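Dear colleague,

Please find below the structure that I am handing over to you, together with its sequence.

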Amino acid sequence: MPDLDRSQFIVGTSAWGSRITVRAAIRLGADLVAAGFTRFDSAPTYGSAYAHFALDRLAQQTGAVLTVDTKYGQLNERNPRGLAKKILRAPSPGAFAAALWQHSTADRMADAFWQPARMIDAFDRARRDLQHTAPGVFYFHAPPRPVLGPDTAAISEYIAARGATLGLSDPTPEDLEWLRDHPAQRLTVLVEVETLKRHFDVIRDLGNVDIRVHGVFRHRAPPESGDTVSFRRIVEEFFVGHTQRKFVIGVNSSRSVERLARLASETGSAGLFG
């Protein structure tokens, strides 16, 4: 009997349209859907800004119900290398034109960037890009200052009416403390595995928060010593028996699909430590 549920594995798409072409990403996505994986983590900037395009086409071509989590606040590549990738990987002239939108670091630092109206507009834009998919989590990505509070309720209600839930990706220690001190605030939090290690007890005990963790399988920690939280402890203590806690795993090749299927197989967590 498996002790990890298949629903605990979410497919990351940060390379869909950059490291691999949109066409290759769609083929890969079809293999993932056939293997039973229909939950995806994305962002408007992922894959040279083509990951949303790939996911929407995947949903159209397979007819599967794909649920897509996305983000607000990530920077689009503004350098010559980033522009070159957009040109080389463009699946269509329209997709290329849409990929050129951008905001700067200065934009992100401005209070206006994190106002509810601006974030709601970004949510609506993402849903237009992903119109053939089901809405998942809409994350605020690494806000430069606290944004959780009274305005959160208005945004949460707006997106909930459209089938999505609110989230926070790459939270600060202050964000985690705020969530601990406000147990009535329901939220999904996406953290990098190193953040989980540094704040393991705090994050583990956030009963009001659904947790997603990326990078777990890229950085299998050595046996626990000192303040290092081991890979085994993360899996056994944090994920096993907690289906609301999920892994986000980037999948960019057929080999990665096979590996993901193996990780989510009936062998359960015991097979992860061999």
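Strand 3, helix 7 and strand 4 (134-141) each contribute at least two residues to the lining of the second largest cavity, and strand 4 contributes the most, with four residues. Helices (H or I, at least four residues) and strands (E, at least two) are DSSP runs, numbered from the N terminus. This is a predicted model, in which local features need pLDDT of at least 70 and side-chain atom pairs count only at pLDDT 80 or more, while totals for chains, interfaces and linings use all residues. Residues are numbered from 1 along each chain as its sequence is written, and side-chain values use heavy atoms, with hydrogens and water left out.

The second largest cavity has a volume of about 40 Å³. Its lining consists of V68, T70, F123, A126, R127, P135, G136, V137, F138 and A164. By class, these are seven nonpolar, two polar and one charged; Ala, Val, Leu, Ile, Met, Phe, Trp, Tyr, Cys and Pro count as nonpolar, Asp, Glu, Lys and Arg as charged, and the others, Gly among them, as polar.

On a 1 Å grid over the protein atoms alone, a cavity is a set of points where a 1.4 Å probe fits but cannot get out, whereas a pocket is an open set with protein on both sides within 12 Å along at least five of seven lines; lining residues have an atom within 4 Å of a point. Grid points are joined across faces, edges and corners, and a volume is the space filled by probe spheres set on the points. Two cavities of 30 Å³ or more are counted.

The largest cavity has a volume of about 80 Å³. P44, T45, K71, Y72, G73, Q74, W101, H103, A122 and R125 line this cavity, with strand 3 (67-72) and helix 7 (116-129) each supplying at least two residues. Four of the lining residues of the largest cavity are nonpolar, four polar and two charged.

Twelve nonpolar, 13 polar and six charged residues make up the lining of the largest pocket.

The second largest pocket holds about 340 Å³ of space. It is lined by 19 residues, of which A49, H52, F53, A98 and D129 are the closest to its centre. Helix 3 (51-62), helix 5 (93-99) and helix 7 each give two or more residues to the lining of the second largest pocket.

The structure holds 14 salt bridges, a salt bridge being a side-chain nitrogen of Lys or Arg within 4 Å of a carboxyl oxygen of Asp or Glu. D69 pairs with R39, with the closest N and O atoms 2.7 Å apart. D69 is buried, at 1% relative accessible area, whereas R39 is partly exposed, at 24%; buried means under 20%, exposed over 50% and partly exposed in between (1.4 Å probe, protein chains only).

D69 also forms a salt bridge with R212 (3.0 Å, N to O). This pair links strand 7, which holds R212, to strand 3, which holds D69, across 143 residues. R212 and D69 are both buried.

Aromatic pairs number 13 in the whole structure. Rings of Phe, Tyr and Trp (its six-membered ring) pair if their centres lie within 6.5 Å; planes under 30 degrees apart count as stacked, over 60 as edge-to-face and the rest as tilted. The ring centres of Y72 and F113 are 4.7 Å apart and the planes lie at 15°, so this pair is stacked. Both Y72 and F113 are buried. The rings of F217 and F231 have centres 5.7 Å apart and planes at 70°, so they are edge-to-face. Ring pairs also join F9, F200, F217, F231, F238, F239 and F247 into a cluster.

Yours sincerely
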